[in-house]
Amino acid sequence: MANKGPAYGMSRDVQSKIEKKYDDELEDRLVEWIVAQCGASVGRPERGRLGFQVWLKNGIVLSRLVNSLYPDGSKPVKIPDAPPTMVFKQMEQIAQFLKAAEDYGVVKTDMFQTVDLFEAKDMAAVQRTLMALGSLAVTKNDGNYHGDPNWFMKKAQEHKREFTESQLKEGKNIIGLQMGTNKGASQAGMSYGRPRQIIS
């Protein structure tokens with residue numbers, strides 16, 4: 001990682017817009033969920049974007065979170081005994097969380113990139129990923145979610161319908177409203193411009 005100085009001009013404008021998307025109320029809800037899901041041993045961050053980033057930066061809290069959503073015996077992320085101190089190990093831990101979250105069902109468009117968290121480039125994206133993970137956990141309703149189910153919205157689920165053969169045959173005899181109707185329709189009184197003039 002290169003040391004970065006202060007941003008100027010357009011770069012500063014873009015970064016300030018990204019920072020404005022960060023939601024402090026959402027941070028409180030996510031912290032409550034992570035503590036309820038993982039237990040009090042994960043601690044609590046200092047309030048604010050920077051405190052939240054420092055709390056999640058080494059990837060251990062995130063790894064515990066995603067592991068807690070799986071049943072015992074099938075934990076997708078290996079958590080080291082001592083928290084990693086080397087930069088590439090911390091980034092590797094975050095990458096393992098992202099892979100496990102994707103395997104859990106979080107879509108790629110909801111995922112943050114490792115540098116978004118590690119360098120605090122886009123903490124709003126980190127919040128989006130955690131919200132998507134929480135929504136999936138509530139929707140799955142498999143007994144591994146802990147906390148208030150009202151913290152997250154349930155995702156829409158497929159509602160399969162089964163039809164018998166006789167119902168399918170009946171459907172072939174009905175003209176759907178999308179097809180329109182031709183009752184009483186005719187071309188009387190319609191003109192399509194002047195007739196063709198043939199001059200000899």
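Before I start: an axis here is a line fitted to C-alpha atoms, for helices over the stretch in contact, and angles run from 0 to 180 degrees between N-to-C directions. I'll want that for entry two. Also for the record, this is a predicted model.

**Entry 1: the overall layout**

I began by listing the elements. I got 8 helices and 0 strands in the protein chain. Read from the N terminus on, the order is simply α-α-α-α-α-α-α-α. I then looked up burial, and 34% of the 200 residues in the protein chain are buried. I also looked at contacts between residues at least 6 apart in sequence: 55% of those join residues at least 24 apart.

**Entry 2: α5 against α7**

Two packed helices are described by the angle between their axes and the distance between the axes. So how do α5 and α7 cross? Their axes come within 10 Å, and the crossing angle is roughly 40 degrees. I noted the handedness too: α5 passes α7 in a left-handed crossing. On the α5 side, Phe 97, Ala 101 and Tyr 104 make the contact. On the α7 side I wrote down Thr 129, Leu 130, Leu 133, Leu 136, Ala 137 and Lys 140.

I zoomed in on Thr 129, which sits in helix α7. Is Thr 129 buried or exposed? Thr 129 is buried, at 1% relative accessibility. Skipping neighbours within four places in sequence, I found Thr 129 in contact with Phe 97, Asp 110, Met 111 and Phe 112.

**Entry 3: the nonpolar core**

Next I looked up the largest nonpolar core, which has 44 residues. Which of them touch the most other members? They are Ile 34, Phe 52, Leu 56, Phe 97, Phe 112, Leu 130 and Leu 133. The elements giving two or more residues to this core are α2, α3, α4 (60-68), α5, α6 (114-118) and α7 (123-140). The largest share, 10 residues, comes from α7. Phe 97, Leu 130 and Leu 133 were already in my notes, from the α5 and α7 contact.

Leaving aside neighbours within four places in sequence, Leu 56 is in contact with Ile 34, Val 61, Leu 62, Leu 117, Val 126 and Leu 130. Leu 56 belongs to α3, where Gly 51, Phe 52, Gln 53, Trp 55 and Leu 56 are buried. What covers them? The cover for the buried residues of α3 includes α2, α4, α6 and α7.

**Entry 4: salt bridges**

How many salt bridges does a search of the whole structure find? It finds 5. I wrote up three of these pairs.

- Arg 47 pairs with Asp 28, with the closest N and O atoms 2.7 Å apart. Arg 47 lies in the loop between α2 (24-38) and α3 (49-56) and Asp 28 in helix α2, so this pair ties together parts that are 19 residues apart in sequence. Arg 47 is exposed, with a relative accessible area of 63%, while Asp 28 is partly exposed at 28%.
- Lys 99 pairs with Asp 103, the closest N and O atoms being 3.0 Å apart. These two are 4 residues apart in helix α5 (residues 87-104), so about one helical turn separates them. Asp 103 is exposed, at 51% relative accessibility.
- Lys 108 and Glu 102 meet through their side chains, at 3.3 Å from N to O. Lys 108 is exposed at 62%, and Glu 102 is partly exposed at 32%.

**Entry 5: two residues I was curious about**

Ser 68 is in helix α4. At 16% relative accessibility, Ser 68 counts as buried, because the cut-off for buried is under 20%. What does the Ser 68 side chain reach? It reaches the backbone oxygen of Leu 65, at 2.6 Å. Not counting residues up to four places away in sequence, Ser 68 touches Gln 37, Cys 38, Lys 75 and Asn 144.

Ala 120 is in the loop between α6 and α7. I looked up its phi, which is near 55 degrees, a positive value in a residue other than glycine. Ala 120 is also buried, with a relative accessible area of 17%.

Terms used
Residues are numbered from 1 along each chain as its sequence is written. This is a predicted model: local features need pLDDT of at least 70, side-chain atom pairs count only at pLDDT 80 or more; totals for chains, interfaces and linings use all residues. Side-chain values use heavy atoms; hydrogens and water are left out. A salt bridge is a side-chain nitrogen of Lys or Arg within 4 Å of a carboxyl oxygen of Asp or Glu. Buried means under 20% relative accessible area, exposed over 50%, partly exposed in between (1.4 Å probe, protein chains only). A nonpolar core is a set of buried Ala, Val, Leu, Ile, Met, Phe, Trp, Tyr and Cys residues joined through side-chain atoms within 4.5 Å. Contact means heavy atoms within 4.5 Å. A polar contact is a pair of N or O atoms within 3.5 Å; within protein, one must be able to donate a hydrogen and the other to accept it, and residues adjacent in sequence count only if both atoms are side-chain atoms. A crossing is left-handed if the near helix is turned anticlockwise from the far one by less than a right angle, and right-handed if clockwise.
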